[in-house]
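Please look over the sequence and the structure shown below before reading on. The briefing that follows begins with a question and then goes through the chain topic by topic.

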Amino acid sequence: MSGARRTLGFSWPALVALAALAAPRVALHDLGVVPEGTIVAALLAVGPPLCWVAVVLWRRPPRPFLTLVVVGALYGVFLAAGHQVFWDSSLGMDAPGPAGLAPGAREALLRGAAVMSSLVTGTMVGVIAGGAAVLLSRALPAPARPTELS
């Protein structure tokens, strides 16, 4: 059994797959396909973390908070990568930033800030989801596991 599975209750591919549930929102938002303030935008924002919590409540990993913080951090990587890929179509050089900088320096500064912001945002989504999972796991009984026949 791998260290991730022992500590987090899931394999690394499963953790990445959980984080990837939230990745479509990045592209759809950055490309302007789904406008903010719509039901679809809300579902894309809230649905994946709710799925993360549901999976943790179902599987009952040994450290549910840490598990979802890791999933959130992985989501932050997807978020950062997505914002970089769709940079020109969503913000590009129209992004607000310090005037007087050379365009290349300004873009590098803004892209770096976007990466950091994405990583923090993803991790904080994981922290909130992890906190909810811990509280719910204390309040809800563990699902029944099938027993072996004697």
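Which residues does Leu68 touch, if those up to four places away in sequence are not counted? In this predicted model, Leu68 touches Trp52, Val53 and Val56, and it also touches Gly126, Ala129, Gly130 and Ala133. The points below place these contacts in the setting of the whole chain.

**The chain as a whole**

- The secondary structure of the chain comes to seven helices and zero strands, so that the pattern read along the sequence is α-α-α-α-α-α-α.
- Of the 150 residues in the chain, 30% are buried.
- The accessible surface comes to about 8,700 Å², and 72% of that surface belongs to carbon and sulfur atoms.
- Among contacts in the chain with a separation of 6 or more, 74% are made by residues 24 or more positions apart.

**The largest nonpolar core**

- In soluble globular proteins, nonpolar side chains tend to be buried together.
- The largest nonpolar core in this chain has 18 residues, and the members that touch the most other members are Leu15, Trp52, Val53, Leu68, Val71 and Tyr75.
- Two or more residues of this core come from each of helix 2 (12-20), helix 4 (39-59), helix 5 (64-85) and helix 7 (103-139), and helix 5 gives the most, with five residues.

**How helix 5 packs against other helices**

- Two packed helices are described by the angle between their axes and the distance between the axes.
- Helix 5 and helix 7 have axes 7 Å apart and pack at an angle of about 150 degrees; because angles over 145 degrees count as roughly antiparallel, helix 5 is roughly antiparallel to helix 7. The crossing of these two helices is right-handed.
- Helix 4 and helix 5 cross at roughly 150 degrees, with axes that come within 11 Å, and their crossing is also right-handed. In this pair, Trp52, Val53 and Val56 of helix 4 meet Pro64, Thr67, Leu68, Val71, Gly72 and Tyr75 of helix 5.
- Helix 3 (residues 23-30) packs against helix 5 at an angle of about 25 degrees, with the axes 9 Å apart; because angles under 35 degrees count as roughly parallel, helix 3 is roughly parallel to helix 5. On the side of helix 3 the contact is made by Ala23, Val26 and Asp30, and on the side of helix 5 by Tyr75, Phe78, Leu79, Gly82 and His83. Here, too, the crossing is right-handed.

- Not counting residues up to four places away in sequence, Ala73 touches Gly122 and Thr123.
- Ala73 and Val120 are 47 residues apart in sequence, while their C-alpha atoms are 7.7 Å apart in space.

- Most residues other than glycine have a negative phi, and most peptide bonds are trans.
- Arg60 has a positive phi, near 55 degrees, although this residue is not glycine.
- Where is Arg60 found? Arg60 is found in the loop between helix 4 and helix 5, and with a relative accessible area of 26% Arg60 is partly exposed.

Notes:
Residues numbered from 1 in each chain as written. Predicted model: local features only at pLDDT ≥ 70, side-chain atom pairs only at ≥ 80, totals over all residues. Heavy atoms only, no water. Core = buried A, V, L, I, M, F, W, Y, C linked by side-chain atoms within 4.5 Å. Buried < 20%, exposed > 50% of the residue type's maximum accessible area, 1.4 Å probe, protein only. Helix = DSSP H or I, 4+ residues; strand = E, 2+ residues; numbered from the N terminus. Contact = heavy atoms within 4.5 Å. Areas by Shrake-Rupley, 256 points an atom, 1.4 Å probe, with all protein chains shown as cover. Axes fitted to C-alpha atoms, helices over the stretch in contact; angles between N-to-C directions. Parallel < 35°, antiparallel > 145°, perpendicular 65-115°, else oblique. Left-handed = near helix turned anticlockwise from the far one by under 90°.
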